[in-house]
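Subject: Structure for you to look at

Hello,

Here is the structure I said I would pass on. Please open it next to this message and find each residue as you read.

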Amino acid sequence: MLTFSIPHVFKALQLLDKEGFVSRATFAKEIHLGEGAVKTLILHLKKAEIVKSTKSGTFLTEKGKKLTNQIKNTVGKECKIKKSSIIQGKHNHAILLKKFSKMIKTGIEQRDYAVLYGSSGCTTMICKNEKLVFPGNERECFPRDIKTKKYIMENLCPDDEDVIIISSSDDPFVAEISAKNSALWTIAMA
């Protein structure tokens, strides 16, 4: 039985893309897995020809670089967000999906996929006409909280029809991994 899942793989690919070369110890620290799980994760990525390894670390192959570039075209940006009027978690992680608004019904599905990974709550919003609105009723998310809206717009740079998923938790890693799970399931449903 595997002790890692698709959001861990996603975070591992992001780490490899950012750093270029990653040691097992860094993987373990950054993706919160034990040494055995990291070895298994790397083995699976090697079998898929996404990474290669040396004794001192792992790096992306050309196939792996192509895959991560495809992911970056869909998953635009990510950032941490402070607690606000509608984002109530101690730690909040936002992830942007490019042009995915048609895949969002009410945002409940995104919340459910985040909760599977320990999220205490999840907020989904869509960018429409340079405003952030809730799916379904299209009510503006931050009518009085200009500071949070400005922060999101500047850090995620959403365009019309982009989706922002914000997952919350008492633990920063759980907020991040649950947001990634929600985003990946949204992509998979396309």
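What follows is a list of findings, grouped by region.

First, the ground rules. This is a predicted model, in which local features need pLDDT of at least 70 and side-chain atom pairs count only at pLDDT 80 or more, while totals for chains, interfaces and linings use all residues. Residues are numbered from 1 along each chain as its sequence is written, and side-chain values use heavy atoms, with hydrogens and water left out.

The main sheet

Five strands make an open sheet in the order β3-β4-β7-β5-β6, with antiparallel pairing. Strands here are DSSP runs of E with at least two residues, helices are runs of H or I with at least four, and both are numbered from the N terminus. Two strands pair if DSSP finds at least two bridges between them. The edges are held by β3 (75-80) and β6 (131-133); each has a single partner strand, so one side of each has no neighbour in the sheet. From one strand to the next, the twist averages 25°. Between β3 and β4 (residues 91-97), which run antiparallel, there are four bridges. C79 stands opposite A94 in β4.

Helix α5 lies across β5 and β7, at about 140° to β5. For these angles, axes are lines fitted to C-alpha atoms, for helices over the stretch in contact, and the angle between N-to-C directions runs from 0 to 180 degrees.

Helix α5 and its buried side

Which residues of α5 (residues 108-115) are buried? They are Q110, Y113 and A114. These residues cover an arc of only 100° around the axis, which puts them on the same side of α5. The arc is taken from the directions that lead from the helix axis to the C-beta atoms. Buried means under 20% relative accessible area, exposed means over 50%, and partly exposed is in between (1.4 Å probe, protein chains only). The buried residues of α5 pack against β5 (121-128), β7 (163-169) and α7 (172-188). Contact means heavy atoms within 4.5 Å.

Aromatic pairs

How many aromatic pairs does the structure hold? There are two. Rings of Phe, Tyr and Trp (its six-membered ring) pair if their centres lie within 6.5 Å; planes under 30 degrees apart count as stacked, over 60 as edge-to-face and the rest as tilted. F21 and F59 have ring centres 6.3 Å apart and planes at 15°, so this pair is stacked. F21 is in the loop between α1 (6-19) and α2 (24-31), and F59 is in strand β2 (residues 57-60), 38 residues apart. F21 is partly exposed at 39% relative accessibility, and F59 is partly exposed at 27%.

In the pair Y113 and W185, the ring centres are 5.0 Å apart and the planes are at 5°, so this pair is stacked. Y113 belongs to α5 and W185 to α7, so the pair ties together parts that are 72 residues apart in sequence. W185 is partly exposed, at 38% relative accessibility.

F59 also has a bridge partner, K52. Four bridges join β1 (residues 51-54) to β2, and the two strands run antiparallel. A hairpin of two residues connects β1 to β2.

The largest nonpolar core has 18 residues, and F27, L33 and L41 touch the most other members. A nonpolar core is a set of buried Ala, Val, Leu, Ile, Met, Phe, Trp, Tyr and Cys residues joined through side-chain atoms within 4.5 Å. Helices α1, α2 and α3 (35-47) each supply at least two residues of this core.

H8 is found in α1 and is buried, with a relative accessible area of 10%. Neighbours within four places in sequence aside, H8 is in contact with I31, L33, F173 and I177.

K180, in helix α7, is buried at 0%. Not counting residues up to four places away in sequence, K180 touches P7, F10, K11, Q14, E78 and I95.

Positive phi

Most residues other than glycine have a negative phi. K99 has a positive phi of about 55° although it is not a glycine. K99 lies in the loop between β4 and α5 and is exposed, at 52%.

Regards
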